[in-house]
Amino acid sequence: MSDIFKGYKDLIPESILEEVKINLPDKCSDAKVKKILEKVYQEYRQSFAEPGESVGLVGAESIGEPGTQMTLNTFHFAGVSELNVTTGLPRIIEIFDGRKTIGTGMMEVYLKKPYSEGKDIKKLAESIKESKMEDFIQEISINITNLQMTISLNKSKLEIANLKEDKIAKILEKGIKKGFKFKTKDGIIEITPTSKDEPLNEIYKLKEKIKDVYISGIKGITQVLPVKRGNEYVIVTAGSNIKDMLKHDFVDPERIISNDLYEMEKIFGVEAVRQVIINEVLKVLDTQGINIDIRHIMLVADTMTMSGTLMGINRYGIVKEKPSVLARASFETPVKHIINAALTGEVDYLNSVIENVMINQLVPVGTGLPGLVTKTK
Amino acid sequence: MEEIRPTYKKIHSITFGVMSPKFIKEMASAKIVTPELYDKEGYPVVGGLMDVRLGVIDPGLKCKTCGHKLKECPGHFGHIELARPVIHIKFVKEILDLLRSTCRSCGRILVPSDKIKKHVGELEKIGAELGLAERRKRVAEIMVSLKTITKCPHCKESQLKIIIEKPTTYIEDDKRLSPIEIRTRLERIPDDDLEVFGMNPKAVRPEWMVLTVLGIPPVTMRPSITLESGERSEDDLTHKLGDIVRINQRLFENINAGAPEIIIEDLWDLLQYHVTTFFDNEVAQLPPARHRSGEPLKTITARIKSKEGRIRHNLAGKRTNFSARTVISPDPKLNINEVGVPQVIAMKLTVPERLTEWNMKYLKEFIQRGAETYPGANYILRPDGKRKKITDETKEQLLEELQPGFIVERHLMNGDIALFNRQPSLHRMSMMCHRVRVLPGLTFRLNPAVCAPYNADFDGDEMNLHIPQTEEARAEAEILMEVQTQLISPRYGLSIIGCNQDAISGNYLLTRFMDIPREQAIDLLASVGITEFKKLPHKKIVSGKEVFSVIIPDNFDFDGVSRSVPSDNPDHTVKIRNGQLLSGVMDKSNLGEGSGLLLRNIHKQYGRDEMVEILGRIYRLGIEVLLKYGFTAKFADADLSEASTVQINKVIEEAYVDVNNMIKEYKEGNLELLPGRSMKETLELRILERLNKARNEAGKIIADNADQRSDTMTMVRSGARGNLINLAQMGACVGQQALRGERINKGFNRRTISAFKKDDLGPEAHGFIKSGFNKGLRPHEMFFMAMTGRDSLMDTALRTPKSGYLYRRLANALQDIKVEYDYTVRDAAGKIVQFAYGEDSMDVSKSEGGKINVKQIINSVMEK
């Protein structure tokens, strides 16, 4: 029987063969297996997209048409306990734009054993979160007479972050330019300026500045959420910073995923971006209850990544790469494109759709594609 | 002879370049020397801007260049010699770059000779490997690197700093460079060095960017309009050219007369201004040239760019004849692939039919009837291309001279092919091919089943109709675009056309509840168009299922589910064997748009033509049932019994108590936090959750207690229209109004409306509407509802342009991606996007949602 399957290996995609294997009844004669496979193959061949089929435009239509049905509400609470993420039309636009900065970054950090089984999960999560001085301050008081600023720290927060006051003082010393002396007491940091001129002014400035000093965690991560997926724990973060995340050895580097296309490209390469585009678009469509076949999204993702780098669907990305002057001009900034074409003496060979529409010639897709070859006498 | 000529020439390619003065002069058919347009008799002045050598726009005149008349002459360019050279505004940046990176004395690029070759080689490589865009980027980088070089590596001349004073003045070391000087410098740059600048010496010499000769566009490009008063109103371009010619002449005169330098300079600047605004009237630093009325002139750049410009408006989008537009209205009696066309329109739109020996008699009858009686004919086309209108006077003569080879434009008739379209045309199903059905009235009629693909309703929507005029066009429309070819959406591979609204309710009632006398059944089926009643069992009373079975094919088998029926009822499973509906109910899950698996299977088994036929019958059957037995969604359907009112009030009361408890907990700080949320957020979310639950419970009470056989309930149950929440909102309680996913929290300081106390966190103060529509809303409730209503209105208004732009970008980026003969997916440049479409080459609309139904194949083989 496996021989019969082998015979169809290159003819039918593996996933379909697999499905046949699973659904095949226990007792099935070879002849019948052959018959089934032959029928599956026939049906598969019949469903092929024909040469000339304008799959690009069909894909654009399939994604563009339900665009009007999507909501504009930027934020969405996916369930009660999930994070705020940009969804709906704005997110789709963001993805297809290939933007470098996105609205709400998000990472899913899978963990290595034993952490993935839930060991210290809360603590681990908390240690990732970017914390600024502000988060640890309970109270700041300034003593004008002896020119001293006293910060009392929030002890419970310190404990979670596994920090001591003297360590914080050290970080502060590093984070702030010279001119201050730090002293620590139980849960209290005292700061005195060393400079002589206008120390009071300095100290007030410092009060604001000190709140912003980065203390611990990973930069850019504003929120963390340990979630149970199946039977393992995953940390979902708001804010994305794969590079710093990978420095931690409890992270499973093979499964970390971010919704930031640009970052994914930088670290995991363009193939990863392609998959992220598909996943992210599907995720949005799912929340909106819109049904689009994955092929259309794959095509867009492939177009965006085919050059080896991520290109947005705009005049700086895909459209810029088009070989035809008129096709570029018909999108945006036509005068600029025509002038540039003139300078380089560009030639438009009229290979794509829009130029041929412009000059009233048959468009080279669909029924406009085939030509007739005939012998002349 | 032939009016439809075969394409015998095809444009192979278009080369872009900059026109040289020599080229302009050679191309020009007239030299323009005077700003005057017409002489006293109103005849175009020779050497003026409307010179007849530039083409004709008046009827009766003949072009002096090509001898053709109006509409035949394509127009010809002219030229003027500029007294002094001027900068071309569109090349200002390029000129600056060139001046900066070439030597001021020898004209060589500021790169040592050995390095030039290296640069050129590098550019060529980038151009070949990465494309023109990357090459341009590299050129820009080279240019920047040359800015700082102060000494020419070729002649050792030290270089001065050149700055630009926008828009067109170049200043070198505080001294102004005149265009003459610039031109001489640009002339000195050798061809070989140009390549480093990314310029192609074959297409452009840098000195051509400084104009010495200006091309004058043909008059056909700038036609004048004759006003009612007999006055002529000239085109904006003509005005602008007039300015240029006038100043140019003055400049010539002043130079010849030896006028002082300062006057010449002033005139020169003025000429520069006019030439600049001729090309672009929206240059940032220049005041735009205006009409006397103060309206800015629309010059060349403005003509090309933007949505209303030449490219997007005229070149990428075309207008058409043989089309009609009017309001649409529904007509379920039409077939799904038909369109009802008003007779008045059918008498205006025509189909050309070629006269042969065999149809001579047939077509003569049309001519005999003339243009005024339907079905007649409007025009006759003679083989020499002459078009004759058929009127009572010409009729006799035309009939006499009629011979094979003539073309008769006859009125639109039943069965003709037409394209039907509704904007916005967002997908290919927005324009489908229908068969014409000429009807009385003034609106287009369509079967309501095709509303879904067009996204049409009948609240005043208008649609367009086009009549293809050639056999080729008709064949393509019929084979590729007819409604039955578009049944399966390529978006998700399911049927997009199905039953809706009354058709679903009707079939639901019929197949679930009805038993009717055989006579009535026959009556019903006859009104659907059935004439053969063999399949209907011979008994006094027949069931609705038996009636339904008559209209499905005899050998059809189907298994499915009726979602409208609870799973403990035998009617939950749909079972069709040999064309008999044995159990199950026809509801939205079987017949509806985008879900009807029954339809999908009929489509697969019997093909599209048969499916359209069957769908039409099912649709009509549903409507006829309602028509014959009555169906009214009435006010009382939402009425509540005393008991359920009490029950609902109790549910809401309970919710209030729970919410108040939560608020209490919140105020005491005891509320259990949701992960990742603050106390306040947790409260809001939990209240929202609790109140929605209350509303759903109320809906459930209604669903259980309301009259199950009421017509409103029938619609809800069958999935035809409405849902339980709608019913609950009418009968019991509208529920929580959500604004941006939260309760309503906006308004005054610490409260939403002044009717509430400050800091009231209770349900009613934040948009919970306790009343139902049936009872009426209280003032504050109505206000909250208006808030969310306005918000959703705004959302729609903001979303439409955004999604429209996304769509345009997607379409533009992907439009030339197609499947090649080797089944790879490639773009216009032939680059492979995918090796197999969607990784398995399968077309979504040709398979079941992109999948092969393996189980079905196995079953069919095993059964045999």
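**Exercise 1. Two strands of chain B**

In this predicted model, how many bridges join strand S10 to strand S17 of chain B, and do these strands run parallel or antiparallel?

*Solution.* Start by finding S10 at residues 338-342 and S17 at residues 444-446, both in chain B. Two bridges join these strands, and they run antiparallel. Next, look for a facing pair: B:Val339 stands opposite B:Leu446 in S17. Remember the general idea here: strands of a sheet pair through backbone hydrogen bonds, either parallel or antiparallel.

**Exercise 2. Stepping back to the barrel**

Which strands of chain B close into a barrel, and in what order?

*Solution.* Follow the strands around: the order is S9-S17-S10-S16-S15-S18, six strands with mixed pairing. Then check how neighbours are turned: on average they make 45° with each other, direction ignored.

**Exercise 3. Where the chains meet**

How many residues does each chain bring to the contact?

*Solution.* Chain A brings 99 residues and chain B brings 89 residues. On the side of chain A, helix H4 (residues 55-64) gives the most, with 10 residues. Sorted by class, that side of chain A has 54 nonpolar, 28 polar and 17 charged residues.

Strand S13 (residues 347-348) of chain A pairs with strand S1 (residues 14-15) of chain B, antiparallel and over two bridges. Within this pair, A:Asp348 stands opposite B:Ile14.

**Exercise 4. Domains of chain A**

Into which domains is chain A divided?

*Solution.* Go through the ranges: domain 1 is 2-46, domain 2 is 49-102 + 259-321, domain 3 is 131-216 and domain 4 is 322-368. Finally, take domain 1 and domain 4 of chain A: their C-alpha centres lie 46 Å apart.

Technical notes. Residues are numbered from 1 along each chain as its sequence is written. Chains are lettered from A and ligands numbered from 1 in the order in which they are written. This is a predicted model: local features need pLDDT of at least 70, side-chain atom pairs count only at pLDDT 80 or more; totals for chains, interfaces and linings use all residues. Two strands pair if DSSP finds at least two bridges between them. Helices (H or I, at least four residues) and strands (E, at least two) are DSSP runs, numbered from the N terminus. Axes are lines fitted to C-alpha atoms, for helices over the stretch in contact, and angles run from 0 to 180 degrees between N-to-C directions. Two residues are in contact if their C-beta atoms, placed from the backbone, lie within 7 Å. Ala, Val, Leu, Ile, Met, Phe, Trp, Tyr, Cys and Pro count as nonpolar, Asp, Glu, Lys and Arg as charged, and the others, Gly among them, as polar. Domain bounds come from an automatic or database domain assignment.
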